[in-house]
Amino acid sequence: MDRPLLRIAYFLIACLAVGMVAGACRATTLHGVLKKSVEAFVQMAGWIVAIAVSIWLLSLVTQA
Amino acid sequence: MDQIERPSPFLPVFLAWLVPGAGHLKIGKLWPGVFTFAAILPLYVGGMALAGFENVSWERYPVYFWAIHVFGGALTGAAAWLTRGATILERMPDKDVGVLFTAVACLLNVIAISDVWSRCRRGDPEDRAKARADASQPPAAPPAPSPSPPPETREIVGG
């Protein structure tokens, strides 16, 4: 697999694991755990992507 | 005053440390236990695979082992014992990712252990959220009085 794709896959795997544990710690039923896991996964991945994009944009600005 | 009897957290916490998810199963929380196990075990083993099965060892990586990997419980014990004679033949291309994955898996088990403790001490998160919501609502207003019949009206005729 291409290196950038591999890195994205690693990132998503880690986010998935953290989201699953976060969901397991916030609910009890299967439906609740699934819902909270998806919420935590989306929130965490979204925040990290937002921060990474912000850093990338800042680096572009400082280089210009 | 809290009158609900809670289970003692010590055995569930010990089981949660020993095997990820076992603490939740001990206190009867099936799905949290299943999710914890399904999240931590593949991350741990996958991290070891990426690192060449030599990153969990108190001899090669004592700081990682005693600071982080100890929270993996039996996983760490088995990994360290099974790979005690591993030799580093070549550096794996994604070794750093593997080391990170294994460390994250152990730290996720810390979160799971603390959740088991919290559930034993304070109950399930849904119940706590419901209690908080009930406490934040204003007390119910007293029942409204039944509508009284309209006052009798008398027609004043004449003067």
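This is a predicted model: local features need pLDDT of at least 70, side-chain atom pairs count only at pLDDT 80 or more; totals for chains, interfaces and linings use all residues.

Trainee: How are α1(A) and α3(B) oriented, roughly parallel or roughly antiparallel?

Mentor: Their axes come within 8 Å and cross at roughly 160°. The handedness of that crossing is left-handed. Angles over 145 degrees count as roughly antiparallel. So α1(A) and α3(B) are roughly antiparallel.

Trainee: Zooming out, how many residues of chain A are in contact with chain B?

Mentor: From chain B, α3 (30–50), α6 (95–122) and α7 (125–136) each put at least two residues into the side that touches chain A. That side has 13 nonpolar, one polar and four charged residues. Altogether 18 residues of chain B take part, and their partners in chain A number 17.

Trainee: Now inside chain B: are α3(B) and α6(B) roughly parallel or roughly antiparallel?

Mentor: The axes of α3(B) and α6(B) come within 7 Å, crossing at roughly 155°. This crossing is left-handed. With the cut-off at over 145 degrees, that makes the pair roughly antiparallel.

Trainee: How many charged residues does the contact of α3(B) with α6(B) have?

Mentor: From α3(B), the residues include B:Ala39, B:Ile40 and B:Leu43, and from α6(B) they include B:Lys95, B:Leu108 and B:Ala112. By class, 14 are nonpolar and six are polar. The charged count is one.

Trainee: Which element gives the largest share of the largest nonpolar core?

Mentor: That core has 39 residues, and A:Ala17, A:Val21, B:Ala39, B:Leu108 and B:Ala112 have the most contacts inside it. At least two residues each come from α1 (3–26) and α2 (30–63) of chain A, and likewise from α1 (10–18), α3, α5 (74–82) and α6 of chain B. The largest share, 10 residues, is from α6(B).

Trainee: One more spot: is B:Gly73 buried or exposed?

Mentor: B:Gly73 is in the loop between α4 (62–67) and α5 of chain B. Its C-alpha is 8.9 Å from that of B:Leu15, although the two are 58 residues apart along the chain. Beyond four places in sequence, its contacts are B:Trp17, B:Leu18, B:Val19 and B:Asn109. Because B:Gly73 has 20 C-beta neighbours inside 10 Å, it counts as buried.

Trainee: And for chain B as a whole, what percentage of the residues is buried?

Mentor: Chain B has seven helices and zero strands. Of its contacts with a separation of 6 or more, 69% are between residues 24 or more positions apart. Out of 159 residues, the buried part is 31%.

Note on methods: Residues are numbered from 1 along each chain as its sequence is written. Chains are lettered from A and ligands numbered from 1 in the order in which they are written. Two residues are in contact if their C-beta atoms, placed from the backbone, lie within 7 Å. Helices (H or I, at least four residues) and strands (E, at least two) are DSSP runs, numbered from the N terminus. Ala, Val, Leu, Ile, Met, Phe, Trp, Tyr, Cys and Pro count as nonpolar, Asp, Glu, Lys and Arg as charged, and the others, Gly among them, as polar. A nonpolar core is a set of buried Ala, Val, Leu, Ile, Met, Phe, Trp, Tyr and Cys residues joined through C-beta atoms within 7 Å. A residue is buried if 20 or more other C-beta atoms lie within 10 Å of its own, exposed if 12 or fewer, and partly exposed in between; C-beta atoms are placed from the backbone. Axes are lines fitted to C-alpha atoms, for helices over the stretch in contact, and angles run from 0 to 180 degrees between N-to-C directions. Angles under 35 degrees count as roughly parallel, over 145 as roughly antiparallel, 65 to 115 as roughly perpendicular and the rest as oblique. A crossing is left-handed if the near helix is turned anticlockwise from the far one by less than a right angle, and right-handed if clockwise.
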